[in-house]
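Visitor: I would like to take a close look at a single part of this structure, please.

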Amino acid sequence: MSDIQHLADKNLALDLVRVTEAGALAAARYYGRGDKEEADGAAVAAMRIAFQSVHIRGRVIIGEGEKDHAPMLFNGESVGFGDGPEIDIAVDPIEGTNAIAYGRPNAISVIGAASKGGMFNPGHSFYCKKIVVGKDAANVIDLDAPVRDNVNKVSKAIGKNPGELNVFVLDKPRHVGLIQELRLAGARVHLFSDGDVAGALMAADPRHRIDMLIGIGGTPEAVITACALKGSGAQMLTQLNPLSIEEQQSIEADGIDIKAIRSVDDLITTDTCYFAATGISEGDLLRGVEYRNEYAVTSSMTSRGRTGTQRFIEAWHNRKKLSTMSSIIY
């Protein structure tokens with residue numbers, strides 16, 4: 001690896017945090033206003049501008065928004081300054097647009113990145129089954145096993161009894177049966193209206209009370225999550241789960257095996273990968289954007305697959321000064 005390549009590899013995760021900070025700062029202005037598309041559009045515009053200062057030749061593999069007909073960084077879009085390494089990008093300017101629109105917690109701005117060719121492209125798949133645990137239970141989960149078996153095995157692996165196991169589940173009608181099974185198995189079910197990526201990161205972090213995430217969530221979010229989990233020892237198993245005939249037919253037309261079970265290493269096949277996230281609304285994983293006089297305060301995290309290093313970053317942004325330097329409204 002040349003010195004230039006090494007420098008780009010070393011610093012890229014921190015550069016991506018500046019992009020998620022821009023998205024979060026732009027989106028936070030719309031918190032609780034009831035218009036998720038305005039919030040999403042503001043975040044997309046801010047991230048496009050911020051990407052211009054990142055020294056990569058980036059290509060968007062996953063641009064979240066298509067399934068919601070929302071503004072988006074579109075698939076195939078080029079991002080970055082146009083020099084440096086070739087990078088595949090998975091981006092969700094607002095993970096939890098409803099949370100922003102209706103004043104709920106756990107909305108974040110996220111980016112996953114990997115060296116060119118190292119990121120699974122899910123095509124037209126929007127939803128997948130998934131289970132996420134930390135490194136102590138990484139080898140015991142089974143996506144095909146009954147819920148009770150996973151509860152018992154994960155509990156044993158982390159030194160708890162099933163009644164102490166804390167499980168993250170999205171509070172959606174499709175999970176009514178799953179929630180019942182988890183409760184019958186003795187687990188403590190934590191219901192969240194939004195936050196697929198945030199929930200997975202909580203489950204993967206032994207410092208957090210959440211021990212496992214299970215259910216049907218976003219496929220784009222799964223790929224972004226895999227960038228964050230790579231190198232951490234945590235595990236996520238996924239299987240595409242189309243929620244409509246149209247989605248299934250589109251996946252089949254893409255030539256993707258719907259039945260295959262994919263792990264973190266299947267979704268991201270290279271250690272040259274990065275993850276960045278910034279909180280927008282107050283959450284269990286990251287604090288939301290706070291306004292203190294002329295400053296906007298952000299809480300972010302970043303990780304790098306090659307080293308497994310995680311960083312948590314608090315930044316104080318002088319909004320007046322930023323506004324003189326950028327067309328973004330902070």
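Leaving aside its neighbours within four places in sequence, which residues is Thr298 in contact with?

Guide: A word on the source comes before the answer. This is a predicted model, in which local features need pLDDT of at least 70 and side-chain atom pairs count only at pLDDT 80 or more, while totals for chains, interfaces and linings use all residues. Residues are numbered from 1 along each chain as its sequence is written, and side-chain values use heavy atoms, with hydrogens and water left out.

Once its neighbours within four places in sequence are set aside, Thr298 is in contact with Glu21, Leu25, Thr278, Val289, Ile313, Glu314, Ala315 and His317, where contact means heavy atoms within 4.5 Å. With His317 there is also a polar contact between the two side chains, at 2.8 Å; such a contact is a pair of N or O atoms within 3.5 Å, and within protein one must be able to donate a hydrogen and the other to accept it, while residues adjacent in sequence count only if both atoms are side-chain atoms.

Thr298 itself belongs to strand 13, which covers residues 295-304; strands (E, at least two residues) and helices (H or I, at least four) are DSSP runs numbered from the N terminus. Thr298 counts as buried because its relative accessibility is 0%, and buried means under 20% relative accessible area, with exposed over 50% and partly exposed in between (1.4 Å probe, protein chains only).

As for the setting, the chain has 10 helices and 14 strands, and 55% of its 330 residues count as buried.
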